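User: I have a model here and would like to understand the terms used to describe it. Could you take me through them?

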There are 6 protein chains.
Amino acid sequence: MPEKRPADSYTMMTEIVLPNDTNVFGNLMGGRLMYWMDIAAAISSQKHCNSAVVTASVDNISFENPIKLGNTVHIEAKVTRAFTTSMEVHLKVWGEDLTQQFKYKSNEAYYTFVALDPNSKPKTVPTLIPESEEEKLLYEGALRRRQVRLILGGKMDPKDAQELRALFIKDKL
Amino acid sequence: MPEKRPADSYTMMTEIVLPNDTNVFGNLMGGRLMYWMDIAAAISSQKHCNSAVVTASVDNISFENPIKLGNTVHIEAKVTRAFTTSMEVHLKVWGEDLTQQFKYKSNEAYYTFVALDPNSKPKTVPTLIPESEEEKLLYEGALRRRQVRLILGGKMDPKDAQELRALFIKDKL
Amino acid sequence: MPEKRPADSYTMMTEIVLPNDTNVFGNLMGGRLMYWMDIAAAISSQKHCNSAVVTASVDNISFENPIKLGNTVHIEAKVTRAFTTSMEVHLKVWGEDLTQQFKYKSNEAYYTFVALDPNSKPKTVPTLIPESEEEKLLYEGALRRRQVRLILGGKMDPKDAQELRALFIKDKL
Amino acid sequence: MPEKRPADSYTMMTEIVLPNDTNVFGNLMGGRLMYWMDIAAAISSQKHCNSAVVTASVDNISFENPIKLGNTVHIEAKVTRAFTTSMEVHLKVWGEDLTQQFKYKSNEAYYTFVALDPNSKPKTVPTLIPESEEEKLLYEGALRRRQVRLILGGKMDPKDAQELRALFIKDKL
Amino acid sequence: MPEKRPADSYTMMTEIVLPNDTNVFGNLMGGRLMYWMDIAAAISSQKHCNSAVVTASVDNISFENPIKLGNTVHIEAKVTRAFTTSMEVHLKVWGEDLTQQFKYKSNEAYYTFVALDPNSKPKTVPTLIPESEEEKLLYEGALRRRQVRLILGGKMDPKDAQELRALFIKDKL
Amino acid sequence: MPEKRPADSYTMMTEIVLPNDTNVFGNLMGGRLMYWMDIAAAISSQKHCNSAVVTASVDNISFENPIKLGNTVHIEAKVTRAFTTSMEVHLKVWGEDLTQQFKYKSNEAYYTFVALDPNSKPKTVPTLIPESEEEKLLYEGALRRRQVRLILGGKMDPKDAQELRALFIKDKL
């Protein structure tokens, strides 16, 4: 199975905020944006593993700036790290007011997908080799974020999360 | 401003999985489910604060069992704790095959909403007083989850997160 | 085949009125509401019969108060009576302005569903045993409403509708 | 205010049943069809009154034959009678399998709309003058159906419904 | 295989412009209109050939007047000419403000569909016999438009397009 | 007003074909694709002119290969030439089966947009300076395509279309 680079899964999605995507303030609803992010991340992870995928989990998402009705939404997705049968996808989301020529960050997020074969069984995925500095940082952080997911999902004891513990006790050392 | 109980914000949403909600395996897509959860949580938090709200953040969501085409989706939402201008909403999601008479958990999640006045300025929300044992546990956990959010959002240093640190270093004590 | 109570089919659906659901006055369109009511009633009748169902008929619906854009829609559904292979579902619909803390009735309606087996053939459904006073009244009225449906569908001669005739000629007796 | 004929409000709507419009049997869902019928009837009543309208009520609808995925839906609408500020619209709905060259009736229905001025106040509508034999029958029946609506809506005592009573007691005379 | 007349494929579609169909000026978006036109034209061509069809091409469409939110959209479709396995459909689209009693042209267009058998293979379609003067003109123009399509699709050399060349060089003769 | 390069308006849109986007063969419907292309082209032209835009016309589109359910749709858009108040946008559309690792062309198209100021009046747009060889060819062809549009829209006499005539009569020279 060939290795893959983050660039292989690079995905760019662009949308316009239409009336039905908005709340009473005329801003894009969080749920609608997470829907689009899920589609973008699914495409990105399929580019990495070349098989069907399903959303396994979504990490904390913090919405920074509201995206206005009529503005453009940019969603950029790239696989940060592959585990045995799963892949973490990093998403950057920003809004753009093309008339005012103004761009603003909406959020950054991590979605995890599992590759499935045609019988819906998890399937091994190619290894990811990070290249740029940013990709290496994302690759390293992926292990720590995975521990957070496992702890929050009740599948790991916090005291076994070596990477995470270091963050909390380093001032002790 | 009157105090509120979790029961005041209890919200029940029920949906059927239609063809366009599904992926190639005929299962509900994660993004579509997060969209419905956002609507349910928005209604729940509005019941607590009686003002307009916007999604501020979404915590880790782990999708356990896929919900099948034609099955029923149940989403139950309740506010767990109120902070100055924000509220954490706990969601329980399960699928149900009414023909096979089989219920299965999909996920549990926490969405955070901010109350806004008509000028889009954050607005103080009523205090929440938990009642049942489960509500008290959710209320206590809310502080710890808030620290995770602040750390992950880069707004708190892990070593200042007293509640969280305890989880990681208690084996030291 | 076990008997069922109305509580077994109790279904609660909650929605927010979004821009595309509204007419030029910014109020929920009747057709969109009937679509949601159909989904809620289908779930309710499936809870009663534990098989697939199809909408057989819808009784007179009278829309009392318009539900505003951004307001919450509550739809409550419960089976009132089971006939051989069909079930009558009672729906109560009300709107709620959570900011103004104001609830208002939209309508009450009766949908009838037929249970189908996997070959699309009508299938016998469990008997319904009403419990509360309100459930007993709904159960009794179901027979009269069924006669109206049969007469309006050209399947019964008005003079054979004993229950209904009584309403019109009682002043004669 | 000029009089109008039924032909003035004649409206023809044509749709294809798409995947998301169907239930688990691959047939058009009743709720989706009622949504389309509401749009067609709204257009028809606007043609009659030349002002904005809102759905006031929907009479009994009985779904006769399911309309299949991919088949064509035909909805024909025409105003049958105008009351002071409201109009009754008659709808005929049939499905068509253009490959098999087979047409089948789905249902017939009556929707009632109220004309509103820009301040959302009910507004007088033109009188309707029926022309053909079928239009005259529909015009006459409209009064009887209106009595059913008023009785079912609790706004008329059955014994004051002269037109309706005649149906039930004529065998007595 | 029987011949068909244009009237056999006559199709009338009527819609209301809803909020989500509009751009920031509150006018129907071109893309949404082309979606509806595609459905109307698909139905029209299916009426002609009585088999499944797929969109093969769309000719130049020029949008003349914007259709406003809440206005009615009328789409009229009719087959103009049948080639071996394809059919050209002519569409007339106009908007109508029923309150102002004002109709305005949006556009005229030509869509081409190919008839397919159940194995997705192109299938011979009935010949079309134009009747009215307008139908005869559309029938003749169809050949010229087909040459434009073939040239623009790189499947015909402009100098072999006899019908078209005549338009450009007739002043030479 | 600054000049712009084609790269300034480069837009990449990525979508997955969902069930409701497909016809009876499980392929993306032409109308749905034209809807997405309209959004992508609108964003691209807004990047060029930094004002609101409306679709003025769409050139011939020929659909070459059907895009399958579950496959990925790639839409690439770039402005080819600016006229006084309008811009021609070139779109390339291809499908991708990420599991089979197979890409296939769907179509190429030209959409024309007009820039509007806040009062809906046409507004002057920046000049476009092509850079690459392909961009120069697209720029030159834009004039010819504009003549086709004007002729087909009845706004130019074919014999005044110098650029186009050359194509038809060059074999004469």
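User: What makes helix 1 of chain A and helix 1 of chain B roughly antiparallel to each other?

Analyst: In this predicted model, helix 1 (residues 30-49) of chain A and helix 1 (residues 30-49) of chain B pack at an angle of about 175 degrees, with their axes 8 Å apart. Axes are lines fitted to C-alpha atoms, for helices over the stretch in contact, and angles run from 0 to 180 degrees between N-to-C directions. Angles under 35 degrees count as roughly parallel, over 145 as roughly antiparallel, 65 to 115 as roughly perpendicular and the rest as oblique. The two helices are therefore roughly antiparallel to each other. Helices here are DSSP runs of H or I with at least four residues, strands are runs of E with at least two, and both are numbered from the N terminus.

User: Which residues of helix 1 of chain A meet helix 1 of chain B?

Analyst: With contact meaning heavy atoms within 4.5 Å, A:Gly30, A:Gly31, A:Arg32, A:Met34, A:Tyr35 and A:Asp38 meet B:Gly30, B:Gly31, B:Arg32, B:Met34, B:Tyr35 and B:Asp38. By class, this contact has 4 nonpolar, 4 polar and 4 charged residues. Ala, Val, Leu, Ile, Met, Phe, Trp, Tyr, Cys and Pro count as nonpolar, Asp, Glu, Lys and Arg as charged, and the others, Gly among them, as polar.

User: Why is helix 1 of chain C called roughly antiparallel to helix 1 of chain D?

Analyst: Helix 1 of chain C and helix 1 (residues 30-49) of chain D pack at about 175 degrees, with axes 8 Å apart. That angle makes them roughly antiparallel.

User: What makes strand 3 of chain A and strand 1 of chain B edge strands?

Analyst: The open sheet has 6 strands in the order 3(A)-2(B)-6(B)-5(B)-4(B)-1(B), with antiparallel pairing. Strand 3 (61-62) of chain A and strand 1 (11-16) of chain B each pair on one side only. Two strands pair if DSSP finds at least two bridges between them, and 6 bridges join strand 1 of chain B to strand 4 (residues 72-82) of chain B.

User: What should I know about numbering and cut-offs?

Analyst: Residues are numbered from 1 along each chain as its sequence is written, while chains are lettered from A and ligands numbered from 1 in the order in which they are written. Local features need pLDDT of at least 70, side-chain atom pairs count only at pLDDT 80 or more, totals for chains, interfaces and linings use all residues, and side-chain values use heavy atoms, with hydrogens and water left out.
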